[in-house]
Amino acid sequence: MNRDYFQDALHTFNGGDWYGWKTHDSNGNKIPNKDRMQYQHIKIIKDGATMPTETEVNAKIQEIKDNELTKATATANKKASGKQKLKDLGLDDAEINALIG
């Protein structure tokens with residue numbers, strides 16, 4: 001499943017659930033569903049919400065991706081450390097893989 005970083009980022013602004021998608025452009029032309037979820041088609045649907053800049057949204061997307069990568073790296077490091085500790089206790093690779101895969 002592909003993560004929708006764009007919407008994840010948008011939800012971090014204005015307390016979440018503050019936006020929707022325009023169905024028609026400024027000329028009254030219908031925006032096809034496949035093209036709707038873009039920055040230029042965001043509409044504010046929550047009173048008091050403010051539109052973040054595209055730069056702010058892109059920065060938030062990068063922050064989310066960086067945090068995801070950091071968590072994945074930390075998990076991999078913990079797994080490697082745990083395997084090494086089991087080896088230090090005398091278990092071989094087959095026994096370790098039977099325990100944790």
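Me: What does N14 count as at 26% relative accessibility?
Reply: This is a predicted model, in which local features need pLDDT of at least 70, side-chain atom pairs count only at pLDDT 80 or more, and totals for chains, interfaces and linings use all residues. Residues are numbered from 1 along each chain as its sequence is written, and side-chain values use heavy atoms, with hydrogens and water left out. Buried means under 20% relative accessible area, exposed means over 50%, and partly exposed lies in between (1.4 Å probe, protein chains only). At 26%, N14 is therefore partly exposed.

Me: Where is N14 found?
Reply: Helices (H or I, at least four residues) and strands (E, at least two) are DSSP runs, numbered from the N terminus. N14 has a positive phi of about 55° although it is not a glycine. Its place is the loop between helix 1 and strand 1 (19-21).

Me: What is the relative accessible area of D17?
Reply: D17 lies in the loop between helix 1 and strand 1. Although not a glycine, D17 has a positive phi, about 45°. D17 is exposed because its relative accessible area is 59%.

Me: Which residue's side chain makes a polar contact of 2.9 Å with the side chain of Q7?
Reply: A polar contact is a pair of N or O atoms within 3.5 Å; within protein, one must be able to donate a hydrogen and the other to accept it, and residues adjacent in sequence count only if both atoms are side-chain atoms. Q7 is in helix 1 (residues 5-10) and is buried, with a relative accessible area of 18%. Its side chain is joined to that of D4 by a polar contact of 3.0 Å. The polar contact of 2.9 Å is with Y19.

Me: At roughly what angle do the axes of helix 3 and helix 4 cross?
Reply: Axes are lines fitted to C-alpha atoms, for helices over the stretch in contact, and angles run from 0 to 180 degrees between N-to-C directions. The axes of helix 3 (residues 54-88) and helix 4 come within 10 Å. Their crossing angle is roughly 130°.

Me: What are helix 3 and helix 4 to each other?
Reply: Angles under 35 degrees count as roughly parallel, over 145 as roughly antiparallel, 65 to 115 as roughly perpendicular and the rest as oblique. The two axes cross at roughly 130°. Helix 3 and helix 4 are therefore oblique.

Me: How far apart in space are T70 and D25, C-alpha to C-alpha?
Reply: T70 is in helix 3 and counts as exposed because its relative accessibility is 52%. In sequence, T70 and D25 are 45 residues apart. In space, their C-alpha to C-alpha distance is 39 Å.
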